[in-house]
Amino acid sequence: MNTNQKENELNERSHQMLALYYQGNSLGEIGNRYGLTRERVRQILEKQLRQEVKKKLLGFGFSEGELEEIDLAAFIRLEKKTIREIRERKQVAKELEKVNNGGVDPRKFYSVKKYAEAMRVSETIIEKYFPEVVEFIKTNKEMQEKRWSRDYLRCRQCGTTSVKHHSLGLCEKCYVKSEYFKDMQRRSRMKNIERRREYEKEYLRRYLKRPEVIEKRRKQDDLKLFSGNREKAIQMADYKCIFCNISRQESYEKYGKDLYVRHLDNKEDNSLENLIVLCQDCFQRKEWIEKKKPSSLIKRVSVQPILKGKKSMSSVINIVANYYGVKPDDIIGKRRKHKFVVPRMVSAFLIRDQLGISFPKIGRKLGKRDHTTAIYSYKKVSKEYNENEKIKNDIENIKKTL
Ligand SMILES: [Zn+2]
Ligand SMILES: [Zn+2]
């Protein structure tokens, strides 16, 4: 290795060391890298700096001779000052980077002093080296002064800055007039209505399931719809559906409901003859409406017989004939004299009332008449019983002898 080569290497090293120094490394750090003392590094850098200044001046057009005559010290001082500033700026930038990565955002600051404190650098450094940050914080401050809410400079609707901000860029006054607010109110009202309806429905459902309520409602319905004859109608039907013979107990088990009682014909007529008993299934199948003709229904109503087995139709007819002083054959016959008609109707009534025999049977017995005649007789006498003292007495007297 010749001297020239070695010199070049040393020159190169000095150049690198100065470059490192420009980049902000301390003398100690550079010394560590090259295995030199701090003082030695300072000497080398001093020498190198002198050379660099010379080179720079040559670049500016000075001649070698001129350089011999002028005092380089002033230039070196200037250069050192530049280096100091560059180094300082780089160090600060490093610091700032560190702090920035830690989350200090100049956008959140309205004063340079506060920002510098958060950055742990002096205010002067920020002012000197980061004019853009200072500018930014200044505008920030101006914006803050102008700003009405965190995000809005003024009310979007009326432009006020004096009325307090509510939300969505609207002042309190404009907000309550806004569509947003109205819509929200509507939605909340709807939501509440639904919730309340649900609650009411649920309450009602539970209320209606309470046994005492069921009983009370049943009684009320009975009185209102059937003049209190509902239970009697069910009793008359032997506690069974007249179509499928399902019992009351079975109805409860199968449908969770009592047997239905419905009017056969006129809804105002609550007499037992006009009431039929159905299970839920038969009621819904509407067969009872198709078969509305009483003949097909009433004969199926099995009446709870009161005197069943004790008296026959004939014996009742005999007793009635005896009471009115006519022959039993006159009652059974077809003659329409008043003298025979009254005993015939009273017979029909008593047979139905006391024996619980079906109307078609009564009709057949009393002169091969059809059930409608029997029903008519029964209804007619029932009415007369309440209005006509004589008939009432007749019936009561005959009943005693039955
Ligand atoms: Zn407004
Ligand atoms: Zn049924």
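Here is a quick tour of a few helices and some individual residues in this predicted model. Local features are reported where pLDDT is at least 70, side-chain atom pairs count only at pLDDT 80 or more, and totals for chains, interfaces and linings use all residues. Residues are numbered from 1 along each chain as its sequence is written, while chains are lettered from A and ligands numbered from 1 in the order in which they are written. Helices (H or I, at least four residues) and strands (E, at least two) are DSSP runs, numbered from the N terminus.

- The expected span here is 1.5 Å times one less than the number of residues.
- The number of buried residues in α10 is zero out of 31, so α10 lies largely in the open. Buried means 20 or more other C-beta atoms within 10 Å of a residue's own, exposed means 12 or fewer, and partly exposed is in between, with C-beta atoms placed from the backbone.
- Helix α19 (residues 338–355) reaches 25 Å from its first C-alpha to its last, close to the 26 Å expected for its 18 residues.
- α19 is mostly covered, with 13 of its 18 residues buried.
- After α19 comes G356, and its phi is positive, near 70°.

**What packs against α22**

- Helix α17 (residues 313–324) packs on helix α22 (residues 389–401) at about 130°, and the axes are 10 Å apart. Axes are lines fitted to C-alpha atoms, for helices over the stretch in contact, and angles run from 0 to 180 degrees between N-to-C directions.
- That angle makes α17 oblique to α22. For the labels, under 35 degrees is roughly parallel, over 145 roughly antiparallel, 65 to 115 roughly perpendicular, and the rest oblique.
- On the α17 side the contact uses I319, V320 and Y323, and on the α22 side D394, N397, I398 and T401. Two residues are in contact if their C-beta atoms, placed from the backbone, lie within 7 Å.
- By type, the residues of the contact of α17 with α22 are four nonpolar, two polar and one charged. Nonpolar covers Ala, Val, Leu, Ile, Met, Phe, Trp, Tyr, Cys and Pro; charged covers Asp, Glu, Lys and Arg; the others, Gly among them, are polar.
- Helix α21 (residues 371–387) also meets α22, with axes coming within 6 Å and crossing at roughly 110°.
- α21 and α22 are therefore roughly perpendicular to each other.
- V381, E384 and Y385 of α21 touch I391, K392 and I395 of α22 in this contact, which divides into four nonpolar, no polar and two charged residues.

**Y255 and its partners**

- Y255 belongs to helix α13 (residues 248–255) and is partly exposed, with 16 other C-beta atoms within 10 Å.
- Setting aside neighbours within four places in sequence, Y255 contacts C279 and Q280.
- Y255 and Q280 are 25 residues apart in sequence, yet 7.0 Å apart in space, C-alpha to C-alpha.

- L168 is a residue other than glycine with a positive phi, near 60°. L168 sits in the loop between β1 (165–167) and β2 (170–171), and counts as partly exposed with 14 C-beta neighbours inside 10 Å.
- N245, also not a glycine, has a positive phi near 65°. N245 lies in the loop between α12 (230–236) and α13, and is partly exposed, with 14 other C-beta atoms within 10 Å.
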